[in-house]
Amino acid sequence: MELPFVVALRGYDMRQVESLFAEVDGALATDSAVSRAAARDALRAASLRRRLRGYDVSEVDAAIDQRLAALALPL
């Protein structure tokens with residue numbers, strides 16, 4: 001999965017971010033309230049590690065906020 005985030009010298013672990021966003025984007029593509037609630041919980045509980053050469057922190061944080069807002073919308 002390729003995400004549209006800039007790779008920074010110190011950023012979030014790319015594999016961890018990709019795994020989280022795959023789960024969330026999958027839930028957004030369904031009409032399942034259970035899947036969407038689980039994805040919302042996963043976003044809120046995410047503790048992303050910082051690594052050398054990771055995804056830009058501010059971009060990922062903004063994308064998390066956007067997805068939380070989308071998950072909060074009624075089906």
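The face of helix α2 that is turned away from its buried side carries the exposed residues A33, V34, R44 and A45, where exposed means over 50% relative accessible area, buried means under 20%, and partly exposed lies in between, with a 1.4 Å probe and protein chains only. Before I go on, please keep in mind that this is a predicted model, in which local features need pLDDT of at least 70 and side-chain atom pairs count only at pLDDT 80 or more, while totals for chains, interfaces and linings use all residues. Residues are numbered from 1 along each chain as its sequence is written, and side-chain values use heavy atoms, with hydrogens and water left out.

Which residues of α2 are buried? They are R36, A39, A42 and L43, and, seen down the axis of α2, the buried residues fall within an arc of 120°, so they line one face of the helix; the arc is taken from the directions that run from the helix axis to the C-beta atoms. These buried residues pack against α1 and α3, the latter being 57-72, with contact meaning heavy atoms within 4.5 Å. Helices here are DSSP runs of H or I with at least four residues, strands are runs of E with at least two, and both are numbered from the N terminus.

As for length, helix α2 covers residues 33-45, and its 13 residues should span 18 Å at 1.5 Å a residue, which agrees with end C-alpha atoms that are 18 Å apart; the expected span is 1.5 Å times one less than the number of residues.

Let me turn to the aromatic rings, where rings of Phe, Tyr and Trp (its six-membered ring) pair if their centres lie within 6.5 Å, and planes under 30 degrees apart count as stacked, over 60 as edge-to-face and the rest as tilted. By this rule there are two aromatic pairs. The rings of F5 and F21 have centres 5.7 Å apart and planes at 65°, so this pair is edge-to-face. F5 lies in the segment before β1 (7-12) and F21 in helix α1 (residues 14-28), so the pair ties together parts that are 16 residues apart in sequence, and both F5 and F21 are buried.

The rings of F5 and Y55 have centres 5.4 Å apart and planes at 65°, so that pair is edge-to-face. It links distant parts of the chain, with F5 in the segment before β1 and Y55 in strand β2 (residues 50-55), 50 residues apart.

Finally, R53 is found in strand β2, and R53 is exposed, with a relative accessible area of 57%. Phi of R53 is near 55°, a positive value in a residue other than glycine.
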